[in-house]
Each structure stands twice: as structure tokens, then as C-alpha cells.
Amino acid sequence: MTTTLIWLLVIPLVLAGLFVLACLPHNLRIRRARKAYQALPAEVIAEVLAAIERLAANGPAVTWLRLGEEVDCSGDTMLGSHVGGIPYAEAGETWPEVDDEPGKFLLQLRLDHPELGESWQGRLIVAYLLFDFEQAVRSFAAPSSEKYVAIESPRPANRCFALQPLRFPVEVGEEAGTPLSPERLCAASPEIVDLLQPYAADPAGLLTQILSPNFYGYNLETSDIAYVGGEPSFIQNPHQPDCDECRQPLRFLFQFGEIMPDVKMADGGVYSVYGCDQHPDRCQAFVDMF
């Protein structure tokens, strides 16, 4: 009896110890990458981002959305791309809800990705999270401070962060049209590696921190990134949305994962937005999760 009790105590301790040992290299790598990023000069970050854009200029590309600084959600910020804060709205708009449950404002995005076509340039897309299969997403052709009308929010506003667009190279082959991973970027650009090696023995891990500031990790999954254009990166079955008006298939516009500092969508949630070229005020959005 005593021996059995001892084993019942020892086995969980051994398993816990093995788990800690297995996680130790992973956590150490993350800590080193985060520490290196915190000490990285701003001019080096700017040079790395410029090197990525030069690489993207040589072939197909998407627009990467990099989380920027916390900002005051007013003035020009209200008309531009940002996460959290206050959504843009115009006369007649109401806060979206499902079964009396108000949605959460996630982000709004001012589109300027050239490959989307003329009908989408300058359009502002506002995305809310609902407890429903199809999400609330609104499209404004020419947002302006004169047209802006505040809508009453049933929830306290979260902190507001700017979104920095970055021209970004994409994969080819089976994953064509989706962004290169930090490791693939380092392999494709010796210039990026040369810029980062003086500051870290793990350039890919440090690049991950540059692309997604304050992310806890050294490699990015689909649920950790946001981008415009290219092809969707599915984590479940492909979407096949049609326009409510003309019934034509919708164009993929952009997607984003858990990039909102104060909002959790789901367990590794990914929000995908589609729109109709002929009726760009008709957009649809879906949330998938791992």
C-alpha cells in the first residue's frame, strides 16, 4: 500500500519534471528573442522593414499589417487603420448585435493594396466580432471627418493601436499567396540576416519579434498574423462566400488573427474578410479557430 502511494506521488512529479525540461529550450529561445528585440536600435528595425519591402518588390506580395504604437483614437486615426479604440461609422449605423448580445469592435482597415483592384482602393472596412457564423463587417467608400457619426458603444473602448502596412513577399507552390515565415524570410534575404546577426544568434526569432512586437514566440502561426491580398491561409475548410446581391463569388480581401492586445477572438481564431468587386459595400467575414 505504501509503495503504491509513493509511486502515485513520484510518477506525476517525474512527468512534470520532464515537461519542464522539454519546455525549457523553447522558453529560453523566446526570452532571448524578446530581450534582443527590446535592445534593438530603432534604425535597425527600420532597415529590416525596408529590406523586406525591397525583397517583396521582386515578386508577388501581400500587405503585412504590423501592430504599431498605442495612439489616441481621434482625428486622422479615426479615418485610418487601427486595432481597438473607436470604430468609424456614418449616419444610420447602429452597433451590431446577435440575440441582444453586442458585438466586439476588433479593427478597421483602410485598403490600399494595389492587387485588390480599383474598387477597393481607399475603402475603409470595419470588423466586429459576433457570436455567430457570419460576422458583422462594414464597408465605407470615402470615409471623412465630415461624414463620421459616433455610435453608442455598449462596451468600454479598448486601447487603440495603429496598424503599419508593409509590402511583404509570399510563398510559392502549395501555399502560394500566403506570407513567408520569418525563417523563410531569413533564408531568402541574406541582407536581413546580416542586419540582425550582430544583435542575436537567432535572426529568425528576432525577426519574429520585429514583425509582431511583443508576441510571445519565435515563429508565427496563421493565428498570429494579419495581411491584405494574396490568398487566405485556411485553418479549417475553405470559405465559398457569394455576393448577396449578384450571387457572384467574393474576392478575398484580408485576414487577421489574435493581434488585438485586449481582445481574444477564440482558441487561435482567424478572421477572414471577403468582398464583391461589383458591390464593394457588400462584404462578408468569418471566424475560424484551431
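Good morning, colleagues. Because the model is predicted, local features are taken only where pLDDT is at least 70 and side-chain atom pairs only at pLDDT 80 or more, while totals for chains, interfaces and linings use all residues. Residues are numbered from 1 along each chain as its sequence is written, and side-chain values use heavy atoms, with hydrogens and water left out.

I begin with the sheet. Ten strands, in the order β7-β6-β5-β2-β8-β1-β9-β10-β11-β12, form an open sheet with antiparallel pairing. Here helices (H or I, at least four residues) and strands (E, at least two) are DSSP runs, numbered from the N terminus, and two strands pair if DSSP finds at least two bridges between them. Which strands stand at the edges? They are β7 and β12; each has a single partner strand, so one side of each is left without a neighbour in the sheet.

Helix α2, residues 42-56, packs on the sheet and touches β1 (61-70) and β8. Contact means heavy atoms within 4.5 Å. The direction of α2 makes about 45° with that of β8; axes are lines fitted to C-alpha atoms, for helices over the stretch in contact, and angles run from 0 to 180 degrees between N-to-C directions.

Within the sheet, β2 pairs with strand β5 (residues 104-110) in the antiparallel sense over two bridges. V83 stands opposite L107 in β5. S272 has F286 in β12 as its bridge partner.

Let me stay with β12 and turn to burial. Buried means under 20% relative accessible area, exposed over 50%, and partly exposed in between (1.4 Å probe, protein chains only). Six of the six residues of β12 are buried, so this strand is largely enclosed by the rest of the structure. Both of its faces are covered, with C283, A285 and V287 on one side and Q284, F286 and D288 on the other.

Helix α6, residues 203-211, is mostly covered as well, nine of its nine residues being buried. Among them are P203, L206, L207 and I210.

A further buried residue is Y88, which lies in the loop between β2 and β3 and has a relative accessibility of 1%. Which residues does Y88 touch, leaving aside those up to four places away in sequence? Its contacts include M78, L79, Q108, L124, V126, F140 and Y148. Y88 and I151 are 63 residues apart in sequence, yet their C-alpha atoms are 8.6 Å apart in space.

A search of the whole structure finds one cavity of 30 Å³ or more. On a 1 Å grid over the protein atoms alone, a cavity is a set of points where a 1.4 Å probe fits but cannot get out, and lining residues have an atom within 4 Å of a point. Grid points are joined across faces, edges and corners, and a volume is the space filled by probe spheres set on the points. The largest cavity holds about 30 Å³ of space. Its lining consists of S233, F234, I235, H239, V270, S272 and D288.

Finally, I turn to the salt bridges, of which the whole structure has 10. A salt bridge is a side-chain nitrogen of Lys or Arg within 4 Å of a carboxyl oxygen of Asp or Glu. One of them joins E93 to R138, with the closest N and O atoms 3.1 Å apart. E93 lies in the loop between β2 (82-83) and β3 (97-98) and R138 in strand β7 (residues 137-140), so the pair ties together parts that are 45 residues apart in sequence. Are these two partners buried or exposed? E93 is partly exposed at 25%, whereas R138, at 18%, counts as buried.

Another salt bridge brings D262 and R159 together at 3.0 Å, N to O. D262 is in the loop between β10 (251-256) and β11 (270-275), and R159 in the loop between β7 and β8 (161-169), 103 residues apart. D262 is partly exposed at 36%, and R159 is partly exposed at 41%. These two residues also belong to a network of salt bridges that links E70, R159 and D262.

A further pair is E245 and R282, whose side chains meet at 3.2 Å, N to O. Thank you for your attention.

Methods. 1 Å grid on protein atoms, 1.4 Å probe; cavity = no way out; pocket = protein on both sides within 12 Å on 5 of 7 lines; lining within 4 Å.
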